[in-house]
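This briefing is set out by topic for a reader who has the coordinates at hand.

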Amino acid sequence: MFPFREYHEDGALMSYGPNLKEVSRRLATYVDRILKGVKPADLPIEQISTYELVIDLRTARTVGVTVPPDLVMRADEVIR
């Protein structure tokens, strides 16, 4: 289990965490506002509200793990 979907390129079985591309976009808006003169202390703290579950069934077959069908159905992305 890994926190980011990017680990699937290296053969991760599952990941559950925020989408790094979306986090980067949100971060860019903060940087933009700071560069325009807003004090960092005046910016609101944002919490990630969306997490992604990605399951790699190829890796599951390779290591001999059976992923329950109901978990596969809940995944945001399934790599077959």
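Which residues does Glu-52 touch, not counting residues up to four places away in sequence? Glu-52 touches Arg-5, Ser-15, Tyr-16, Gly-17, Asn-19 and Asp-76, where contact means heavy atoms within 4.5 Å. This is a predicted model, in which local features need pLDDT of at least 70 and side-chain atom pairs count only at pLDDT 80 or more, while totals for chains, interfaces and linings use all residues. Residues are numbered from 1 along each chain as its sequence is written, and side-chain values use heavy atoms, with hydrogens and water left out.

**Confidence**

- The protein chain has an average pLDDT (the predictor's confidence in each residue, from 0 to 100) of 94, and 100% of the residues score at least 70.
- Within the chain, the lowest confidence is in helix H1 (residues 20-35), with a mean of 93, and the highest is in helix H3 (residues 69-74), at 97.
- Helices (H or I, at least four residues) and strands (E, at least two) are DSSP runs, numbered from the N terminus.

- Glu-52 belongs to strand E2 and is buried, at a relative accessible area of 17%; buried means under 20% relative accessible area, exposed over 50%, and partly exposed in between (1.4 Å probe, protein chains only).
- The side chains of Glu-52 and Asn-19 make a polar contact of 3.4 Å. Such a contact is a pair of N or O atoms within 3.5 Å; within protein, one must be able to donate a hydrogen and the other to accept it, and residues adjacent in sequence count only if both atoms are side-chain atoms.
- Ser-15 lies in strand E1 (residues 14-17) and is buried, with a relative accessible area of 1%.
- The side chain of Ser-15 is joined to that of His-8 by a polar contact of 3.0 Å.
- Setting aside neighbours within four places in sequence, the contacts of Ser-15 include Met-1, Phe-4, Leu-53 and Val-54, as well as Glu-52.

**Aromatic pairs**

- Two aromatic pairs are present in the structure. Rings of Phe, Tyr and Trp (its six-membered ring) pair if their centres lie within 6.5 Å; planes under 30 degrees apart count as stacked, over 60 as edge-to-face and the rest as tilted.
- Phe-2 and Tyr-7 form a stacked pair, because their ring centres are 4.7 Å apart and their planes stand at 25 degrees.
- Phe-2 is partly exposed at 35% relative accessibility, and Tyr-7 is partly exposed with a relative accessible area of 35%.
- Tyr-16 and Tyr-51 are also stacked, at 5.7 Å centre to centre and 25 degrees between the planes.
- Tyr-16 is in strand E1 and Tyr-51 in the loop between H1 and strand E2 (52-56), so this pair ties together parts that are 35 residues apart in sequence.

**Surroundings of Phe-2**

- Phe-2 is placed in the segment before E1, and its C-alpha is 8.2 Å from that of Leu-13, eleven residues away in sequence.
- Beyond its neighbours within four places in sequence, Phe-2 is in contact with Tyr-7, Ala-12, Met-14, Ser-15 and Tyr-16.

**Largest pocket**

- The volume of the largest pocket is about 300 Å³.
- Its lining has 13 residues, of which Glu-22, Val-23, Arg-26, Glu-46 and Ile-48 lie nearest the centre.
- On a 1 Å grid over the protein atoms alone, a pocket is an open set of points where a 1.4 Å probe fits, with protein on both sides within 12 Å along at least five of seven lines; lining residues have an atom within 4 Å of a point.
- Grid points are joined across faces, edges and corners, and a volume is the space filled by probe spheres set on the points.
- H1 gives the most to this lining, with five residues.
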